[in-house]
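Please look over the sequence and structure shown here before reading on.

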Amino acid sequence: MLNNKPELKKINDYAWEVSKEFKQGMRVPARIYGSKAIVDAMDIQVFDQVTNVATLPGIQRAALCMPDGHSGYGFPIGGVAAFDAETGVISPGGVGFDINCGMRLVRTNLTIDEVRPKLRQLVDQLFTAVPAGVGSSGFVKLNKGEFREIIEEGADWCVDRGFGWEQDLARTEEDGCIKGADEKKVSGKAVERGLSQIGTLGSGNHYLEIQWVKPENIFDEEAAKAYGIFPNQVAVMFHCGSRGFGHQVATDYLQVFLNVMESKYGIKILDRELACAPFHSPEGQDYFAAMKCGLNMSFANRQVILHRIREVFSKVMGKTAEEMEIQQVYDVAHNTAKLEEYEIDGKRTRVVTHRKGATRSFGPGRPEVPQEFRAVGQPVIIGGSMETGSYLLAGTQKAMEETWGSTAHGSGRTMSRTQAKHMFKGEALQKDMERRGILVRSVSYAGLAEEAGKAYKDIDAVIDATHQAGISRRVAKLLPVANVKG
Amino acid sequence: MPYKFLEGITVADVAFEASGATENEMFESAAEAVTSTMVKDHKSVKANIPKKLALKAPSLEQLLFDFLQELVFLKDAKLMLYGKYGVKVSQEPNGGKFKLAAELKGEKLNPKKHELLVDVKAVTWHEYRVWKEGNRWKARVVLDV
């Protein structure tokens, strides 16, 4: 544990570096993105954790932390690191327990004036249709064989069975199904944990929100048009992951890596949550294939939730989902490890990019970005707190050059859950938010209090930092009008 | 059962310290802390359905880790919450493995009956510690929520 924050070298107004001389074993510097105020306010563990990441074998250029960074386990939340695919490692601690925790944004052709009279009905029915909270079960009843199909096929499986539209897949990272997922690498326990959880939100900071686009909150008209965003539009954004399934995959492989890391591969680490194995080792490849199952489970989870949203809107608004053009804008993961290719020292190099609480932010022209968005860059969806609003951004070329095509993922917590519960009361907060025009439904008042807006960093400042740093471009801000919280 | 939630260990998650006069008591305190992270009133979980649990691990700290992780697993896989734990910890002879035999008692999770708080995703190794202080066993645990 550090006693004092390290000395930071200013790279520019929005990037700061800790030299590799700071800590024994650092192979590269650590770089933290954010304004001075944001970086100054980061808790000391962020600096400890990001510099620990810099000690891992095969790390390239620098260990990174995004402006929404806060302390996590192993990697900080907001942590990004790329490891040489030939000589480097893969680490579950660089992905997180909630594999493919991510965001999906859904647009409609409805305006806020059309929706507001039906808002209460919408949020009540969404609260029932999309179960949230501890131990919630979804409506898709599966046997273990079907679940094992889902974790290899992802959102494809859902669309094939009528839970969505073909176009949803093209607008999902990895087309909703990452190749190379191998269900045989996943434990029976993981399957048992996830079996009933497809179509559920989870709890904590997971949510589903009806939002609207205030006319002055469109900042980039060209990109907004490409993404189908217009003034006064109603959209739905939600945040969830691979539920107990992904958590168990991470837990299982953390143990596998702890058992072999030092004895078999001679890798010493500074924090057990950084347990890792060479990417090309049998253990590393097994985790990679199992983690991809977590990615696919999560894509499927969000696909089924989108289906439920379409059902609820159709029922309440009395029109079909097609008539209301309830179309996915994009679905993006923020807890992943991906095999990607970048130019390093003039050479095309394959790296394993770990993003833990960081969003892929691929710039214009990249083949991974859907053709319809390729001229403006990949949509990046950033969830803010339930009180303050969220953002739609665009990926940039600078992110490709500096941050392994990555940017922030949210606003980032500044206040502990206990502290938030002491400061805010869930019931009072719900009433207060309703007075301010935001309806909230939650399974837990205590859980609601923990997610109060003031428990988070200022989302506008975080987004400004990513925009000024050039690692994503501001497109639009979306304001909440109704929120379902786990 | 003595446990306290800790401030200053984690910003986004839940940390606690559990203690007991014996290893058994400390394990039970830690289990109660896990349940109390998810349910506001631990006593609202009735001890209706029994379940026997047997675990083995190379160290006491690993054994506690596995035990708490098992409670998290049972919550998702079987939708079960437990209010009584009946833990007996022992060690095989000659410095052998640590063993746990627990007689859990609980009931199905029911949002209408149990005031639910936040879901526990995993037990983590972050700042994780098991130690003896004077005559008391202690453990520090951070849960990912």
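How much area is buried between chain A and chain B, and what percentage of it do carbon and sulfur atoms give? The area buried between chain A and chain B is about 3,300 Å², of which carbon and sulfur atoms give 51%; buried area here is the accessible area (1.4 Å probe) that two parts lose on being put together, summed over both. On the side of chain A, Y73(A), V134(A) and R272(A) lose the most area to chain B, and together they account for 22% of what that side buries.

This is a predicted model, in which local features need pLDDT of at least 70 and side-chain atom pairs count only at pLDDT 80 or more, while totals for chains, interfaces and linings use all residues. Residues are numbered from 1 along each chain as its sequence is written, chains are lettered from A and ligands numbered from 1 in the order in which they are written, and side-chain values use heavy atoms, with hydrogens and water left out.

The contact between the two chains can be set out as follows.

| Item, chain A with chain B | Value |
|---|---|
| Residues taken from chain A | 42 residues |
| Residues taken from chain B | 37 residues |
| Salt bridges | 6 salt bridges |
| Polar contacts (both at pLDDT 80 or more) | 18 residue pairs |

Contact means heavy atoms within 4.5 Å. A salt bridge is a side-chain nitrogen of Lys or Arg within 4 Å of a carboxyl oxygen of Asp or Glu. A polar contact is a pair of N or O atoms within 3.5 Å; within protein, one must be able to donate a hydrogen and the other to accept it, and residues adjacent in sequence count only if both atoms are side-chain atoms. D119(B) forms a salt bridge with R243(A), with 3.5 Å between the closest N and O atoms.

Of the 175 residues in the largest nonpolar core, Y227(A), F245(A), F27(B), L64(B), F67(B) and L68(B) touch the most other members; such a core is a set of buried (under 20% relative accessible area, 1.4 Å probe, protein chains only) Ala, Val, Leu, Ile, Met, Phe, Trp, Tyr and Cys residues joined through side-chain atoms within 4.5 Å. Leaving aside neighbours within four places in sequence, L64(B) is in contact with M26(B), F27(B), A30(B), Y128(B), V130(B) and A139(B).

T10(B) counts as buried because its relative accessibility is 10%. The side chain of T10(B) reaches the backbone nitrogen of D13(B) at 3.1 Å, and, not counting residues up to four places away in sequence, T10(B) touches S416(A), A15(B) and V142(B).

Conventions
Buried means under 20% relative accessible area, exposed over 50%, partly exposed in between (1.4 Å probe, protein chains only).
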